[in-house]
Every structure is written in structure tokens, then in C-alpha cells.
Amino acid sequence: QVQWDCMNPKYKIKKRNYKNSGVVVLLDLKIHRVYSFLDYIMGGCQIHFTVAIDFTASNGDPRNSCSLHYINPYQPNEYLKALVAVGEICQDYDSDKKFSALGFGARIPPKYEVSHDFAINFNPDNDECEGIQGVVESYQSCLPKIQLYGPTNVAPIISKVARVAADEERTKEASQYFILLILTDGVVTDMADTREAIVRASYLPMSIIIVGVGNADFTDMQILDGDDGILRSPKGEPVLRDIVQFVPFREFKNASPTALAKCVLAEVPKQVVEYYSYKAFPPRCPQPETPDSNLSSPQ
């Protein structure tokens with residue numbers, strides 16, 4: 001036990017026999033280490049990256065130069081610009097450099113039924129592509145084979161990634177964190193289901209980034225980004241963590257890819273730390289503490 005006298009300078013001057021105005025006794029001290037995003041990355045946590053691309057008819061016929069999906073041999077379209085800018089940052093945190101790539105809102109072969117969570121490489125057993133370039137190539141070869149349709153339902157893909165994140169959560173280790181990048185040209189149609197899916201996902205090792213491409217009115221999409229207030233499910237249940245970041249691509253059309261990536265990924269490190277702190281999962285291989293480690297105040 002350690003104790004200190006509480007001294008009042010005025011009393012000390014006025015009163016000759018003044019000893020103190022009380023005593024502060026330290027009964028217990030706990031040092032709580034607050035881990036950073038880099039602590040988890042250095043400890044072996046992998047960031048698994050999934051991209052989901054909007055293939056609804058509102059994008060316009062890909063054969064038409066006005067389409068958001070038009071493949072211009074001289075300049076990448078907005079979908080490709082957003083994908084490359086964000087993906088090239090994310091791949092630095094993923095050792096195998098393999099990205100899951102999904103599409104939604106299109107009729108797909110062989111029966112041309114509408115799908116809201118298909119692999120753009122058309123391999124349902126393995127939707128992963130080799131690096132960002134692999135995603136780009138799968139996207140370009142996928143476009144002529146599908147029919148753009150609708151509606152813009154994103155809840156199925158959020159739920160799909162959430163199921164994988166739920167399996168990871170059961171390991172009780174900080175080994176994999178999942179980022180879902182949704183590239184879309186319009187407001188989601190299944191807003192109630194999407195809100196429900198986001199609330200469920202907020203309890204899992206997962207973050208969602210939505211990039212709005214084109215010139216649609218994205219006002220409703222701001223609801224999903226909890227910056228202006230807490231997102232709630234249709235039943236009123238709040239998210240555990242703010243896991244959604246929405247960015248309109250048009251605000252970055254003339255900016256560098258780095259500026260877009262910085263804005264899109266700005267909240268991810270905080271979201272990773274918030275999740276593992278909530279679960280009380282330390283890094284898998286904690287680095288030795290240094291004298292300037294981030295320690296909280298004594299409790």
C-alpha cells in the first residue's frame with residue numbers, strides 16, 4: 001500500500017500544526033494494455049477482402065459508352081477505379097493476396113435466373129481471384145456473359161460474408177478480419193433486410209465499405225453509415241459497432257487513388273480494435289511491450 005497526504009496550501013500557511021486535509025491510499029493498481037491495429041496485424045491477423053459489384057440494369061448496357069460498366073480500352077470505368085484504389089491498399093494486409101469477388105442483381109448463366117450473390121469467376125466452390133488484377137480480369141470476362149437486371153439487394157451478400165465471419169469468431173482468436181467492399185450505382189432496394197444484416201454483422205469480425213458510383217441520389221445510403229446517428233434494425237435494435245463507411249465516388253473523381261483509399265479505409269483500424277477489445281481477444285502473437293506502450297490510466 002502507498003499513501004499520500006492531501007495538502008491545502010492555504011491551511012498550511014495559516015495553521016501552525018497543520019498536517020494534512022486527509023490521505024489518499026492506493027489499495028489496488030491494474031495495468032490494462034490497450035492494443036493497437038498494428039499490434040493485431042503484427043500478431044498475425046489477416047484482413048480478408050471481399051468485393052461485391054452491382055450488376056443491376058440501372059448501370060446501363062455495358063456495350064454502350066454511357067454505361068458505368070463500359071469497358072474503355074484507354075481508361076478504366078468508375079467500378080474499376082474504385083476497386084483498384086481500395087484493393088491495392090487492402091492486399092498489403094492479406095498474405096495470400098486472394099480476394100473473394102461477387103456480383104449481384106444480374107441474370108446469370110446457364111438458366112439466366114436473377115442472383116444476388118454469385119461468384120464473378122462463375123466458380124461457386126471457390127470465388128477467390130488472384131490479387132486485384134485477378135478480380136479485374138474476372139470482372140471484364142464476366143460482363144459479356146450476364147444480363148444486367150435487378151433489384152439492388154445487398155443483404156444476401158452481407159449475410160454471406162457474415163456467415164464466414166461467424167465461423168471465424170468461434171475460433172476465439174484474432175486471426176482473420178473481414179472487409180466487404182460493395183460497389184453500387186444506386187440506393188439499395190432491400191433497405192430493411194440490409195439494416196437487419198448490418199446489425200447482425202456488427203457483432204462479428206467484419207466491416208462494410210460502400211462506394212457509390214455514378215450520379216444517383218445517395219441520400220438514403222447515408223442512413224447505413226452511422227456517422228449521423230446510430231443505425232438500427234427494423235425492430236429498433238442498435239448496431240453494436242459502427243461498421244459501415246459510405247463514400248460517393250464522384251467526390252473523388254479528380255482526386256488521387258490514394259485520397260479515395262484513405263477516406264474509404266479511414267475507419268477500419270478503429271473498427272478492428274473495437275471488435276477485438278469488445279471480445280477481449282489479444283493479438284495472437286503479442287509483440288513485447290516497449291516503454292511507450294499505450295497504457296490506460298490506473299483504475
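Me: How many disulfides does the structure hold?

Reply: A disulfide is a covalent bond between the sulfur atoms of two cysteines. Taking a disulfide as a pair of cysteine sulfur atoms within 2.5 Å, the structure holds zero. This is a predicted model, in which local features need pLDDT of at least 70 and side-chain atom pairs count only at pLDDT 80 or more, while totals for chains, interfaces and linings use all residues. Residues are numbered from 1 along each chain as its sequence is written, and side-chain values use heavy atoms, with hydrogens and water left out.

Me: What is the strand order in the open sheet of three strands?

Reply: Strands of a sheet pair through backbone hydrogen bonds, either parallel or antiparallel. Helices (H or I, at least four residues) and strands (E, at least two) are DSSP runs numbered from the N terminus, and two strands pair if DSSP finds at least two bridges between them. Here the order is 6-5-9, with antiparallel pairing. Strand 6 (113-115) and strand 9 (147-148) each have a single partner strand, so one side of each is left without a neighbour in the sheet. Strand 5 (residues 106-108) is joined to strand 6 by three bridges, and isoleucine 108 stands opposite glutamate 113.

Me: Which residues of helix 4 are buried, and what do they pack against?

Reply: The buried residues are Gly131, Ile132, Gly134, Val135, Val136, Ser138, Tyr139 and Cys142. With contact meaning heavy atoms within 4.5 Å, they pack against elements including helix 3 (78-90) and strand 4 (98-104).

Me: Is histidine 69 buried or exposed?

Reply: Histidine 69, found in the loop between strand 3 and helix 3, is buried, with a relative accessible area of 0%. Not counting residues up to four places away in sequence, histidine 69 touches several residues, among them Asp54, Phe55, Tyr79 and Tyr139.

Methods
Buried means under 20% relative accessible area, exposed over 50%, partly exposed in between (1.4 Å probe, protein chains only).
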